[in-house]
Amino acid sequence: MKFGRKLKELRIPVWSSYYIDYQELKYMLKSHLERTVDDSDEEEFVAGDAKSRHGSAEYRGAVREREMEGHAAEMKVKVRTSGIKKYGKNQPRRDIRKMSEDFFTMLEDEINLVEGFYKVTLDSLQQQLNQARLVYYNQEDFTGQLQAAKTKAMSAAAHHINHDINMLVSFVELNKVAVRKITKKYAKITQQPLKKLVLDEVANKRSFMKAEKLAHLRDESERFFTKVSKSAYRNAFMAVV
C-alpha cells in the first residue's frame with residue numbers, strides 16, 4: 001500500500017487537520033516534471049498570479065498566524081505559516097529551483113503545524129494526569145481507602161488519559177514517517193543527497209521528532225493506571241467477600 005493512502009487510513013479523524021499534508025508535498029515534487037519553464041516564463045507566472053496564489057503579492061515577506069482549534073474546545077494551536085497556497089493535483093508549472101523553494105517552504109509550514117499541535121496536546125495531557133493523581137492521592141489520604149465507586153471512576157479517567165497519550169504516540173510516529181518519506185522522495189527526484197541533512201535539522205529543532213517528554217509521560221501514565229486499576233480490583237473484591 002502506498003504511504004499516502006496508508007497515512008489517510010491510519011490518521012486519527014479528530015486530529016486529521018494537524019497531520020503533514022504528504023499528498024500535497026508529493027504533488028508539488030512532481031510539478032516540474034511535465035514541463036520545465038525557463039526563468040522568464042517563471043517570472044511572468046509569479047508576477048501575474050502571485051495575488052491569486054497566495055492572497056498577497058508580498059506573500060514571501062508576509063507571515064501570518066494560523067489558528068486552528070483542536071478536538072477539545074479549550075485547545076488551540078497557533079502556528080506561523082508562510083501563507084503558501086495548496087493546489088492539490090492542479091499544481092502550477094515550476095522549474096526545479098522554484099519547486100525546491102516552494103517545497104521546503106511548505107514542508108516547514110507542515111512541520112511547524114505538527115510541532116505546535118504536539119506541544120499543546122502534550123501539555124494538556126500532562127495537566128490531566130497531574131490533576132488525576134492529585135485527586136487520587138488526596139482521596140486516599142483522606143479516607144484511608146478509596147470507596148469502590150470513586151475508585152472505579154478514577155480508573156476510567158486514568159484509562160482515558162492513557163488512551164489519549166497512546167493516540168499522541170501514534171500521531172507522532174506517523175508524522176515522523178511522513179517527514180522521512182517525503183524528504184527521501186525529494187532527494188530521489190532532484191538527485192540531491194539532502195535527506196540526512198534535512199532530517200537532522202528537523203530532529204534538532206522540533207521536539208516531536210524525538211518525543212522524549214511524550215515517552216516519559218507515557219511511562220508515568222501507565223504506572224498510574226496500573227496503580228489505580230489494582231485499587232479498583234482490590235475494592236471490588238472486598239465488596240463481595
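**Notes on a predicted model: pockets, rings, core and salt bridges**

1. Let's start with the largest pocket: H4 and helix H6 (195–205) each give at least two residues to its lining. The structure is a predicted model, where local features need pLDDT of at least 70 and side-chain atom pairs count only at pLDDT 80 or more, while totals for chains, interfaces and linings use all residues. Residues are numbered from 1 along each chain as its sequence is written, and side-chain values use heavy atoms, with hydrogens and water left out. Helices (H or I, at least four residues) and strands (E, at least two) are DSSP runs, numbered from the N terminus.

2. What lines the largest pocket? Its lining includes Phe 104, Leu 107, Ile 111, Leu 197, Glu 201 and Arg 206. By type, the lining divides into seven nonpolar, one polar and four charged residues. (Ala, Val, Leu, Ile, Met, Phe, Trp, Tyr, Cys and Pro count as nonpolar, Asp, Glu, Lys and Arg as charged, and the others, Gly among them, as polar.) The volume of this pocket is about 280 Å³. A pocket here is an open set of points on a 1 Å grid over the protein atoms alone, where a 1.4 Å probe fits, with protein on both sides within 12 Å along at least five of seven lines; lining residues have an atom within 4 Å of a point. Grid points are joined across faces, edges and corners, and the volume is the space filled by probe spheres set on the points.

3. The second largest pocket holds about 240 Å³ of space. It has 13 lining residues, and the closest to its centre are Tyr 118, Lys 119, Leu 122, Ser 207 and Lys 213. H4 and helix H7 (212–240) are the elements that give two or more residues to this lining, and H4 gives the most, with five. Five of the lining residues are nonpolar, two polar and six charged.

4. Now for the rings: the whole structure has 10 aromatic pairs. (Rings of Phe, Tyr and Trp, the last by its six-membered ring, pair if their centres lie within 6.5 Å; planes under 30 degrees apart count as stacked, over 60 as edge-to-face and the rest as tilted.) Why is the pair of Tyr 18 and Phe 117 stacked? Their ring centres are 4.2 Å apart and their planes at 20°, so the pair is stacked. Because Tyr 18 is in the loop between helix H1 (3–10) and helix H2 (22–29) and Phe 117 is in helix H4 (residues 96–143), this pair ties together parts 99 residues apart in sequence. Ring pairs also link Trp 15, Tyr 18, Tyr 19, Phe 117 and Phe 171 into a cluster.

5. Are those two partners buried or exposed? Tyr 18 is buried, at 1% relative accessible area, and Phe 117 is buried at 0%. (Buried means under 20% relative accessible area, exposed over 50%, and partly exposed in between, with a 1.4 Å probe and protein chains only.) Phe 103 and Phe 104 make an edge-to-face pair, 5.1 Å centre to centre with 80° between the planes. Phe 103 is buried, at 0% relative accessibility, whereas Phe 104 is partly exposed, at 29%.

6. The largest nonpolar core has 51 residues, and among those with the most contacts inside it are Trp 15, Phe 103, Phe 171 and Phe 224. H1, H2, H4, helix H5 (148–190), H6 and H7 each supply at least two of the core's residues. (Such a core is a set of buried Ala, Val, Leu, Ile, Met, Phe, Trp, Tyr and Cys residues joined through side-chain atoms within 4.5 Å.) Have a look at H2 too: six of its eight residues are buried, so this helix is largely enclosed by the rest of the structure. Its buried residues include Glu 24 and Lys 26.

7. There are nine salt bridges (a side-chain nitrogen of Lys or Arg within 4 Å of a carboxyl oxygen of Asp or Glu). In one of them, the side chains of Asp 21 and Lys 86 meet at 3.0 Å, N to O. Asp 21 lies in the loop between H1 and H2 and Lys 86 in the loop between strand E2 (76–81) and H4, so the bridge ties together parts 65 residues apart in sequence. Lys 86 is partly exposed, at 37% relative accessibility. Lys 86 also forms a salt bridge with Glu 110, with the closest N and O atoms 3.0 Å apart. Glu 110 is buried, at 3% relative accessibility. Through shared partners, Asp 21, Lys 86 and Glu 110 join into one network.
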